[in-house]
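Open the model in a viewer and keep the selection panel at hand.

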Amino acid sequence: KAEWVRLGQEQVDLANRYEDVNGGWGYLDLHDGVTTRKPSGMPTSFTTATVLLAMAEARDVMGVKLDDKLVKHAITSVTFQRTPDFAYTYAFNHRMYPRIDINRPAGSLGRSQVCNACLRVFGDKAVTDEVLTTWADRFLAREGFLSNGRKRPVPHEAPFRIAGYFYYYGVYYFTEAVDLLPAEKHAAYAERLAPILLGHQEKDGSWWDYPLYDYHQPYGTGYALMSLAWCAKSLDR
């Protein structure tokens with residue numbers, strides 16, 4: 001366990017090294033011709049929230065120490081990307097265009113769950129039970145928007161510019177967000193989510209949503225199984 005803590009601390013320290021100058025993290029450093037010690041690219045709301053939730057778990061479960069300044073900077077970045085309806089823009093520079101399709105609630109389905117969960121875990125009182133419930137209900141009601149993008153080979157070609165790889169990622173973080181609600185509310189969501197996931201299982205037993213190199217089945221199956229485990233736990237209570 002001491003070795004795991006060492007490795008966890010190493011990853012947190014590397015996250016500090018690769019933090020974007022605008023706070024948070026993104027896929028790539030996309031500003032051609034601009035060279036800075038830290039990336040000066042395009043941090044995205046959902047990757048930043050994903051990293052922060054992993055950091056919180058490492059802190060709470062393993063005792064990994066976090067850099068308060070780094071955390072505050074990243075949380076501020078996510079908050080800047082939040083719109084009044086608790087949708088989140090795709091990326092930091094998108095905050096200047098909050099009503100284009102990818103940034104509207106339907107386009108934000110796959111990332112609002114993780115962003116709301118992240119900010120709630122780090123103490124943002126604006127993310128109330130009502131906000132989490134509204135977005136949980138919206139996620140299930142509009143799941144078809146995400147499902148429409150499943151297995152499409154071109155990123156962001158589905159309506160509202162949704163990419164296929166948001167599907168099982170969004171489902172998993174839906175369970176993370178709903179888990180922050182009172183326990184008596186979990187079963188109702190689990191009863192609705194489990195049949196959707198089981199209906200998407202492939203003949204070989206896997207789940208996948210986007211043809212990404214050669215690991216689309218492992219990551220899709222991992223997300224689906226963790227989500228189904230949450231459903232099973234919720235229904236056993």
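In which hand of crossing does H4 pass H5? H4 passes H5 in a left-handed crossing, a term for the near helix being turned anticlockwise from the far one by less than a right angle, with clockwise giving right-handed. The model is predicted: local features need pLDDT of at least 70 and side-chain atom pairs pLDDT 80 or more, while totals for chains, interfaces and linings use all residues. Residues are numbered from 1 along each chain as its sequence is written, and side-chain values use heavy atoms, without hydrogens and water.

**Select H4 (109-121) and H5 (129-141)**

Helices here are DSSP runs (H or I, at least four residues), numbered from the N terminus. The two pack at an angle of about 160°, with axes 10 Å apart; axes are lines fitted to C-alpha atoms over the stretch in contact, and angles run from 0 to 180 degrees between N-to-C directions. H4 and H5 are therefore roughly antiparallel, the class for angles over 145 degrees. On H4, show Leu109, Ser112, Gln113, Asn116 and Arg120; on H5, show Asp129, Val131, Leu132, Trp135, Ala136, Arg138 and Phe139. These residues make the contact, meaning heavy atoms within 4.5 Å.

**Stay on H5**

The end C-alpha atoms of H5 are 18 Å apart, which agrees with the 18 Å that its 13 residues should span at 1.5 Å a residue; the expected span is 1.5 Å times one less than the number of residues. Buried residues of H5 include Trp135, Phe139 and Leu140, where buried means under 20% relative accessible area, exposed over 50% and partly exposed in between (1.4 Å probe, protein chains only). Their cover includes H4, H6, H7 and H8.

**Select H7 (167-178)**

Of the 12 residues of H7, 11 are buried, among them Tyr167, Tyr168, Tyr169, Tyr172 and Tyr173. The helix reaches 17 Å from first C-alpha to last, close to the expected 16 Å.

**Select His156 and Phe160**

Both His156 and Phe160 lie in the loop between H6 and H7. Most residues other than glycine have a negative phi. Phi of His156 is positive, about 65°, and that of Phe160 is near 60°. His156 is partly exposed at 23% relative accessible area, and Phe160 is partly exposed at 25%.

**Select Ile100**

Last, go to the loop between H3 (68-80) and H4, where Ile100 lies. Ile100 and Thr89 are 11 residues apart in sequence and 9.2 Å apart in space, C-alpha to C-alpha.

Conventions: Parallel < 35°, antiparallel > 145°, perpendicular 65-115°, else oblique.
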